[in-house]
Amino acid sequence: MTTAQFTASEIASVLQKLRDHKPLVHNLTNQVVMNVSANALLAIGASPIMSHAPEELEELGMAVSSTVINIGTLDNVTVASKLTAARIARDSNKPWALDPVGAGATQFRLDVTNRLLDLRPAVIRCNASEAIAIALHQRGGSGVDSNDSSDEVLPVLHRAARNLQTVFAVTGRHDYVTDGQRLAKLSNGHPMMAAVTGTGCQSTAITGAFLAIEQDPWLAAVASLAVFGIAGQLAAEESAGPGSLQLKMLDRLYTLTAEDIEQHLVIECQNLSE
Amino acid sequence: MTTAQFTASEIASVLQKLRDHKPLVHNLTNQVVMNVSANALLAIGASPIMSHAPEELEELGMAVSSTVINIGTLDNVTVASKLTAARIARDSNKPWALDPVGAGATQFRLDVTNRLLDLRPAVIRCNASEAIAIALHQRGGSGVDSNDSSDEVLPVLHRAARNLQTVFAVTGRHDYVTDGQRLAKLSNGHPMMAAVTGTGCQSTAITGAFLAIEQDPWLAAVASLAVFGIAGQLAAEESAGPGSLQLKMLDRLYTLTAEDIEQHLVIECQNLSE
Amino acid sequence: MTTAQFTASEIASVLQKLRDHKPLVHNLTNQVVMNVSANALLAIGASPIMSHAPEELEELGMAVSSTVINIGTLDNVTVASKLTAARIARDSNKPWALDPVGAGATQFRLDVTNRLLDLRPAVIRCNASEAIAIALHQRGGSGVDSNDSSDEVLPVLHRAARNLQTVFAVTGRHDYVTDGQRLAKLSNGHPMMAAVTGTGCQSTAITGAFLAIEQDPWLAAVASLAVFGIAGQLAAEESAGPGSLQLKMLDRLYTLTAEDIEQHLVIECQNLSE
């Protein structure tokens, strides 16, 4: 059992390391969130590169510290590029984060997700519907917004995390991060975040940045969701609506201090018995 | 003759119905406005899905309540996808809204628009230049911004609406919504909205959301433009420039109340004699 | 030697001319910055058109006053379209601006850049790493953010500008604009601008707008970077972070006055001896 006190300061120190190292992160994401995801990476202190060009994936893969792959707005070129980038990351032992947007919404997305799972993402950041679709290998959920409560799906996720040797970072009313051995429950964030498109995609992007500087992917994901949730919560408190929230989240990611994390982090950690 | 008083409360109740039902709207739009259009749909209370992937159009078409098709930033994949999505919508008797961006600017866009018109959009949301290009089957207008005053083109539009069995929702200094039998003239909005890219595209997107819950497409379009115009006008009054305006419009779409609509709606409705 | 006093009023008058003429600018840019670049063009007073569709490049090329080509997020369709648009601009003697995003980061980008250089951009707006890659025909720099100080590369740039018969507009801590005969050093802007994605892309976009109304490309680039730097600096002073900065820059581009330019411009100009 890790105490929240300890974790808050640990998270702050991981964030500081990220800002010091300014890791180069290759973000193969969807067209809806490209701008805000690049901005989220810059705001947290990383250096984003956004490219699906097959001609340069190999070179970019050599240069970057981590990769983020998001399956929104797919086409035949970008599917191939995402698979190639994931393969390059795996073959060079660099961590990558998967965002399986709407994985259960269509058979096509589920198929693409399954092909990507074979290439061993370090972390899968998704909502509860997407997590269930992955864990149970079946379609479900309508569209890209989640209908499932995170609470109901935990035992399934622990098992899937062990089987896939990955970390599930499932965001919702509460956030859950499990590698099958350890579980963190984070209770930061704000309901208005669901009214901004791509908040999940942004959290996956910065999870990629944390993976670049923290070797334990479970801790990287916990730190990422903690930082993102606190930034979102502080931003929501000063936002009249979701338009303001989208930009104030970037402001908060940029200015977030160790004190902000200490004061606001709400986390419970536990070791799981198999 | 519908009085404005009556219509304001009717519009507020349509908006409430939209928020209660949270319809899933498939938005095949251009790359410039994808983020802000998804955010506009979320802000008004809908659930957006943004995809041009041919592999999932059929499944998405079954799942959604309405579709929006916007012809900015075309390529050979997206043209085919837009035509397919429109055909699926028509064949399943679900409403779809067309945004013929720059329809008169190039022969290519006019051709794509004409192919889409064959698939019977419930509403065409456009500016005056685009409306004339469609109604007269000819090129005109420079670029994607409008040079024509909405006022001059009304008789042409009434005829075209009857011939195409659609609703023209033409935005500009005043907004006009005609199905050839009924005309609404809306005088909300603010000139600064023309300095924000994709305000038209956003209004088409939310028109798609209103089509999902209001069976009369003329009323859906009137409600949509009324809500959008009032949100834009209130947002402009508190914006130092177009950057602020883009986000404050999202805030206002999210928070708009029945009282806001009652206080600010400026509408004239009339029955047309053929 | 041009005095700053003189240049401030000259710049203000070029800006006024731009706002009066509202030139149509074709912007073939990357997917990350499409929205904000279109908004920057609108905010400065231009009318943007954003399209890579091969079917309409010829018609658009005839209609527009200038073109902007940015090589971020390339694919095989967009590379071909950018080359075609540049060729059309050259053949019709219309100015075009090049943004060689990450030119030194991969061999692919360097190759595409070199093919575009053959088509004679009026201005190359880039950072120091990209400028060196172009001037020395070699790879270097990591990712799309610059590692090189502008100050070190000036002699190389003067030579390259003469050889390529173009203007280098290199942004960084200071901005440098050289055509090999004349050098302007601009010291506006703010460090936080580097934490917003695509500020460089935006400055290239508005440089394209200035090229449309100012025949001397060196002066167009100086005016563009002066206006953009001052707008960014004023915006940064009122921004809590990079999210706010992105939108307040648009507000400031829209509202910038001759007085703002007079009060804030920091420029040194000199004639170069060959």
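## The sheet in chain B

Two strands count as paired if DSSP finds at least two bridges between them. With that in hand, look at chain B of this predicted model: nine strands make an open sheet with mixed pairing, running β2-β1-β3-β4-β5-β6-β7-β8-β9. At the edges sit β2 (47–49) and β9 (267–271) of chain B, each pairing on one side only. From one strand to the next, the twist averages 15°.

For a closer look, take β5 (residues 123–126) and β6 (residues 167–170) of chain B, which pair in the parallel sense over four bridges. Ile124(B) has Phe168(B) as its bridge partner in β6(B). Helix α4 (residues 76–91) of chain B packs on the sheet, where it touches β1 (24–28), β3 (66–70) and β4 (96–99) of chain B. The direction of α4 makes about 150° with that of β3(B).

## Where chains A and C meet

Here 29 residues of chain A are in contact with 26 residues of chain C. On the chain A side, α2 (34–44), β2 (47–49), α3 (57–63) and α10 (242–255) each supply at least two residues. The largest share, eight residues, comes from α10(A). By type, the chain A side divides into 16 nonpolar, seven polar and six charged residues.

## How the copies are related

Chain A superposes on chain C by a rotation of 120° with 0.0 Å of shift along the axis, at an RMSD of 0.0 Å. That's the relation of a three-fold axis. In chain A, Gln31(A) has the C-alpha nearest the axis, 3.9 Å from it.

Only 10% of the interface residues of chain A are also interface residues in chain C, so the copies meet through different surfaces.

Terms used: Residues are numbered from 1 along each chain as its sequence is written. Chains are lettered from A and ligands numbered from 1 in the order in which they are written. This is a predicted model: local features need pLDDT of at least 70, side-chain atom pairs count only at pLDDT 80 or more; totals for chains, interfaces and linings use all residues. Two residues are in contact if their C-beta atoms, placed from the backbone, lie within 7 Å. Ala, Val, Leu, Ile, Met, Phe, Trp, Tyr, Cys and Pro count as nonpolar, Asp, Glu, Lys and Arg as charged, and the others, Gly among them, as polar. Copies are superposed by least squares on the C-alpha atoms of residues with pLDDT of at least 70 in both. Axes are lines fitted to C-alpha atoms, for helices over the stretch in contact, and angles run from 0 to 180 degrees between N-to-C directions.
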